[in-house]
Amino acid sequence: MTPNRRGRPREQGIDAAVRAAVNELLEEVGYQRCTVDAIAARAGVGKAALYRRWKSKAELVFAAVVHDDAIAAPHDTGTLRGDVASVLADIQSALDGPQVRNALPGLLADLRAEDGPTARLGELFLIRERAYLAEVLDRAIARGELARRPEVPVVHAMLLGSVFAWLHLLREAVPPGGLADALAPGLYGAIIELGR
């Protein structure tokens, strides 16, 4: 899925430099001391270039360490069970890493502290994540696996929440087959039930 953009196209070199700067700074100084000024200096760009792309530090860090505003179309495995496992693997990949662990406490605190970044993150990221899931569910309907589309926010919460809780709250070791193998059967069953 490619978002509609207006104006001049982004320079990919800047995005890559900013992503690298954010990841380095999170590792070196943590989220709180990873400022927009420090990111701009490390990336070799002006602050104005950052604020043209991202409206807040929270948005910038989320885009750098979790995923940006362009999410590739979900892989079609041919079955809802396989698609659920694939989505879970994608979520695990996005949320499992040292930069995410370094950023998450401060990022969540910033999002809770003010409405602006939360609303903007919803516009940029949650809408795209839910469109990604809607595509998975619609394919399952077309294949006859679901009678109707379950509420996408419910499915989103189930899949994202399960992986997030495992990685960042429960702090359990990831099973040898990954979270997709461990979580997909139960979550697949729940989605089938919701889609009756």
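The following legends describe close-up views of a predicted model.

**View A. Packing of helix H8 against helix H9.** Helix H8 spans residues 152-170 and helix H9 spans residues 178-194. Their axes lie 11 Å apart, and the two helices pack at an angle of about 155 degrees. Angles over 145 degrees count as roughly antiparallel, and H8 and H9 are therefore roughly antiparallel to each other. The crossing of the two helices, H8 and H9, is right-handed.

**View B. Residues in the contact of H8 with H9.** On the H8 side, the contact is made by Val154, Val155, Met158, Leu159, Ser162, Val163, Trp166 and Leu167. H9 contributes Leu179, Leu183, Leu187, Ala190, Ile191 and Leu194. Sorted by class, the contact of H8 with H9 has 13 nonpolar residues, one polar residue and no charged residues.

**View C. The salt bridge between aspartate 83 and arginine 139.** Side chains of opposite charge can pair when their charged atoms come close. The structure holds 13 salt bridges. In one of them, the side chains of aspartate 83 and arginine 139 meet with an N to O distance of 3.1 Å. Aspartate 83 lies in helix H5 (residues 80-95) and arginine 139 in helix H7 (residues 115-142), so this pair ties together parts that are 56 residues apart in sequence. Both aspartate 83 and arginine 139 are buried.

**View D. The salt bridge between arginine 139 and glutamate 135 within helix H7.** The side chain of arginine 139 also meets that of glutamate 135 in a salt bridge, at 3.6 Å from N to O. These two residues, arginine 139 and glutamate 135, both belong to helix H7 and are four residues apart, about one turn of the helix. Arginine 139 has a relative accessible area of 14% and is buried, whereas glutamate 135, at 33% relative accessibility, counts as partly exposed.

**View E. The salt bridge between arginine 149 and aspartate 138.** The closest N and O atoms of arginine 149 and aspartate 138 are 2.8 Å apart in this salt bridge. Arginine 149 sits in the loop between H7 and H8, and aspartate 138 in helix H7, so the pair links distant parts of the chain, eleven residues apart. Arginine 149 counts as partly exposed at 37% relative accessibility, and aspartate 138 likewise counts as partly exposed, at 34%.

How values were computed. Residues are numbered from 1 along each chain as its sequence is written. This is a predicted model: local features need pLDDT of at least 70, side-chain atom pairs count only at pLDDT 80 or more; totals for chains, interfaces and linings use all residues. Side-chain values use heavy atoms; hydrogens and water are left out. Axes are lines fitted to C-alpha atoms, for helices over the stretch in contact, and angles run from 0 to 180 degrees between N-to-C directions. Angles under 35 degrees count as roughly parallel, over 145 as roughly antiparallel, 65 to 115 as roughly perpendicular and the rest as oblique. A crossing is left-handed if the near helix is turned anticlockwise from the far one by less than a right angle, and right-handed if clockwise. Contact means heavy atoms within 4.5 Å. Ala, Val, Leu, Ile, Met, Phe, Trp, Tyr, Cys and Pro count as nonpolar, Asp, Glu, Lys and Arg as charged, and the others, Gly among them, as polar. A salt bridge is a side-chain nitrogen of Lys or Arg within 4 Å of a carboxyl oxygen of Asp or Glu. Buried means under 20% relative accessible area, exposed over 50%, partly exposed in between (1.4 Å probe, protein chains only).
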